[in-house]
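Subject: Structure for your review

Dear colleague,

Please find below the structure that I am handing over to you. I would be grateful if you could read the notes that follow with it open beside you.

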Amino acid sequence: MIATWTKLTGIQKTTVQTVSVVLFMGAMGWAAVPLYDLFCRVTGYGGTTNTASASSGVVLDQTMRVRFDASVARDFPWTFKPVDRVTEIQIGEVGLAFYEAYNPTDEPIAGTASYNVSPYEAGRYFTKIDCFCFELQVLQPGESVLMPVTYFVDPDILRDRDAGGTHTITLSYTFHPTDIPADYVAPEPAMTN
């Protein structure tokens with residue numbers, strides 16, 4: 001390989017180096033999103049939360065104030081808001097919050113929710129057990145739904161030198177339009193007597 005490299009002309013070497021740089025940059029661009037997502041989930045950077053199947057089992061006497069925020073992407077027709085804007089929960093206690101979404105149009109509309117937590121340092125300690133944001137949501141014309149999020153604040157937050165002084169955590173969601181999947185089947189309307 002070294003013998004081949006020395007036989008190349010200056011233009012050929014430059015071409016090989018340029019192609020190598022372009023391929024490397026393309027590979028890094030392709031890997032950037034999953035690597036950044038992994039980094040955010042591990043560190044809580046950017047307000048990314050953790051997920052768990054149950055709470056830690058440790059509930060402290062100290063409380064945390066949790067604020068809930070909601071918005072929709074531009075030109076997304078739903079109305080979307082938290083049922084309660086603020087709650088106070090013991091650190092480690094499992095909390096349940098609801099958001100309300102309404103589709104005022106005459107057609108079904110799908111949406112997915114993106115989320116973040118602030119302050120960012122608290123993101124790794126705000127843990128979701130279950131959330132509407134884990135799945136695609138489809139609202140039928142005129143439909144209004146309550147969507148739950150089950151969560152807890154990990155007691156380890158108190159040991160973190162950056163997040164330990166946090167007294168209020170804000171959980172924010174933004175709904176974005178999504179195409180309705182081709183295999184989606186609308187639920188049958190409830191029968192009344």
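The notes below begin with the basis of the values and then turn to the findings.

This is a predicted model, in which local features need pLDDT of at least 70 and side-chain atom pairs count only at pLDDT 80 or more, while totals for chains, interfaces and linings use all residues. Residues are numbered from 1 along each chain as its sequence is written, and side-chain values use heavy atoms, with hydrogens and water left out.

The protein chain contains 2 helices and 10 strands; these are DSSP runs numbered from the N terminus, helices being H or I of at least four residues and strands E of at least two. Read from the N terminus, the order is α-α-β-β-β-β-β-β-β-β-β-β.

Of its 193 residues, 31% are buried, where buried means under 20% relative accessible area, exposed over 50%, and partly exposed in between (1.4 Å probe, protein chains only). Among contacts (heavy atoms within 4.5 Å) between residues at least 6 apart in sequence, 77% join residues at least 24 apart.

Most residues other than glycine have a negative phi, and most peptide bonds are trans. Asp75, although not a glycine, has a positive phi of about 65 degrees. Asp75 sits in the loop between strand 2 (63-72) and strand 3 (79-82) and is exposed, with a relative accessible area of 74%. Ser118 and Pro119 are joined by a cis peptide bond, with omega about 0 degrees. Pro119 belongs to the loop between strand 6 (109-118) and strand 7 (126-131).

With kind regards
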